[in-house]
Each structure stands twice: as structure tokens, then as C-alpha cells.
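Biologist: I would like to learn how to read a protein model. Could we take one feature at a time?

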Amino acid sequence: MRQEHIALIIVLLILIGLPAMALLARAGLFSPQPAPGERVIELTAAAPESGGWQPETVRMTAGEQVRFRIRGADVTHGFAIGHTDIPSVTIEPGKVTEFVFTPPQPGRYTFYCTVWCSPNHWRMRGTLEVTDGTQAATGNGASSRATPVPPLYQQLGLDIDAPHPAAHFPTSKPSAARGAALGLPLPADLSPVSSPDGEDGIGEGLRQLSPSTAFARLRADPAYGGLSDSQLWDLVALAWRESTTSARLAQGQAIYAANCAACHGQTGRGDGPGGRALRVAGPTGMGKGPANFTDASTMAGGSAAIYQGKILRGGMGTGMPYWGPILTDDQTWAVVDYLWTFLFDY
Ligand SMILES: [Cu+2]
């Protein structure tokens, strides 16, 4: 009799327990216990209007193992940490997403949402402070690593908010291939600098020049005297193309698609869905829409240094977010390289 009871209870437990566990697991509520010594950090991911990341600041110690438990409060979000190559994690609505995480080296990082969740999506950012266990986190995670060099626009003293109309600009898309087909050598100052310690031999000098200035420089040079305006523009496109690599363009394209296209549009025309509200002046908009990178009359008047500065620092009272805490120096240059593809045909 007794044994039968026990057997029945076991059978019942299995019959009821297993589906219940499966249901809980599907809902993301059941998962293995944290390993000993593992710390659990609970976060809620909500659109910025509903509070954004809660809490907004997370502290951890370098070397410790942390289990993140992120509850998706409303719509789908993504969790990523700027200046690290830790892959982004998708946070599904109504679920708890768990993952184990080893903090990056001590410093202050920005964690951010990677999914377009609301018109205020880009404001969905929080702070991750990693200490070495002895002192408070100071500085930026990335800048504490490398020698803190001010960005190029600051070194050059550029006003990145000033309008930069182009004195010269092409009327149709210049082509690097047509430029190459002319078979003329580029002048040294428009050729990529291949200094031994320069990153991938990328043309540092061209970063300070606008295409408009480069055009004027070629026009004034008797060596190119016989060329038409559109041929000169093809040479400018060639100089710009030679100052980057296919790998950097691909890297820039991926960054653009993930972070910029929502406002600036897939084709760079400034017509992305996220930019629509910005165009309207008033409480929701700021009166200024996202820049149109295909508008040669302004695009050709700016330099890579100006554009990188705008990306790092963001706009002043405009809807242009700042990306300094999220994208590394290398990533910002890669996306600037990619922006030129809206002006030039590579
Ligand atoms: Cu978001």
C-alpha cells in the first residue's frame, strides 16, 4: 500500500512537474541557479518613455563573473556595451533573458539599446562602472586604455556646428572607377599617406580636406588643365576611395545600418523613419531633420574630421545623438569612410 502511494506521488510529480517546468522555461522564468560566486544583476529594459534601463547604473568588479537577468518590459530591446566587442543580446518583451558575463577592464562604459524601440530609442543608455576592487571607476573604458588623444576636430580647432556649404560640388555622382580609368597619377597631397604606424595606411591628410577643396586644388594645377569638371570630380572620388579599404567600408556600412539608417535613411537621404518627427519644430521635433548625405552642395563642403566630430559629440540642440561612448575611434572613422559612398560612386 505505502509503496503504491509513493509510486503514485512520483508519477504525479513527473506528470505535473515536467510540463510546469517546461512552461516556466518557455516564459524565461526558470533557469539554472547561478553558479557559486556568481553575482546576479537584475535589469529591466523599457522604452525611454517608460523609464529606459532600470537601474540606470550598474557596478561590478573586474574579474568577477556576473549573471545578467534582464526583464523585457514592453517591446523588443537589445543590450550591448559600447567600446567592447561583447556581442549584443536581444531582450524579448515579457521574458527574462539571462546571460553570464565577465566585465571588461576597469573603467566607465555605456550600455545601450540596439533595437529601434521608440522615437527616443537612442536615449536608452546606462552606465556600467567596472572597478578593480580597490578604487572607484574613473574615466572612460576606452580612453583609460589608450593614450587620451583629443579627437581630430578638437586638435584642428574646427567648429563642427558651422554650416559648410561647398564652393564646388558635382552635379552627378562622381565615379572612382572612371577616375582610375583616366590613368593620371594623383598629386602627392591627395594620395593616401602610408606612414608605417598609420592605421592600414589610411590617408590621414584627406581627413582634413573637403572634396570641394580637393577639387579646387586639382583645378588650379596645370597638370590637370585639360580635364573637364566631371573628370576632375572622378579624380576626387578616386582619391577618397584610395584613402580607405573595402574592409573598412564594409565595417562602416554595418555600423551605419545598425545605428544611423533609422534617421539618415538606408540611402543616406535623411529620410529614415526616426528622422520624421525631428523635422517638425515643436515639442517633439527640433526643426532640423537628419542630414542628407547625398546632397553634394553641403556634403562636399565638409571634411571627415568635421563629420567624425559630429558623430562623436552629437548635435547641439539637434536630434543628432552623440556616439563617443559607444563607437570606438576606429568605428567612427569607418562609418565616416562609408558616408562618402553617398557622395561618390566607389
Ligand atoms: Cu531601443
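Modeller: We will go through the chain, a metal site and some ring pairs. This is a predicted model, in which local features need pLDDT of at least 70, side-chain atom pairs count only at pLDDT 80 or more, and totals for chains, interfaces and linings use all residues. Residues are numbered from 1 along each chain as its sequence is written, and side-chain values use heavy atoms, with hydrogens and water left out.

Biologist: How many helices and strands are in the protein chain?

Modeller: Helices (H or I, at least four residues) and strands (E, at least two) are DSSP runs, numbered from the N terminus. The protein chain has 11 helices and nine strands.

Biologist: What share of the residues is buried?

Modeller: Buried means under 20% relative accessible area, exposed means over 50%, and partly exposed lies in between (1.4 Å probe, protein chains only). Of the 346 residues in the protein chain, 43% are buried.

Biologist: Which protein donors does the copper ion have?

Modeller: Donors are N, O and S atoms within 2.8 Å of the metal (3.2 Å for Na, K and Ca); water is not among the atoms, so sites may look incomplete. Here they are Cys113 (SG), Val115 (O), Cys117 (SG) and His121 (ND1), at 2.1 to 2.3 Å from the copper ion. Along the chain the spacing is C-x1-V-x1-C-x3-H. Cysteine 113 counts as buried because its relative accessibility is 4%, while valine 115, at 26%, counts as partly exposed.

Biologist: What is the geometry of the site of the copper ion?

Modeller: Four donors count as tetrahedral if all angles lie between 85 and 135 degrees; four count as square planar and six as octahedral if opposite donors are over 155 degrees apart and all others between 65 and 115; anything else is irregular. The angles among the four donor atoms of the copper ion run from 75 to 129°, and the site is irregular.

Biologist: How is a pair of aromatic rings described?

Modeller: By the distance of the centres and the angle of the planes. Rings of Phe, Tyr and Trp (its six-membered ring) pair if their centres lie within 6.5 Å; planes under 30 degrees apart count as stacked, over 60 as edge-to-face and the rest as tilted. The count is 19 aromatic pairs. One of them, phenylalanine 68 with phenylalanine 101, is edge-to-face, with 5.3 Å centre to centre and 80° between the planes. Phenylalanine 68 lies in strand β4 (residues 66–72) and phenylalanine 101 in strand β7 (residues 96–101), 33 residues apart.
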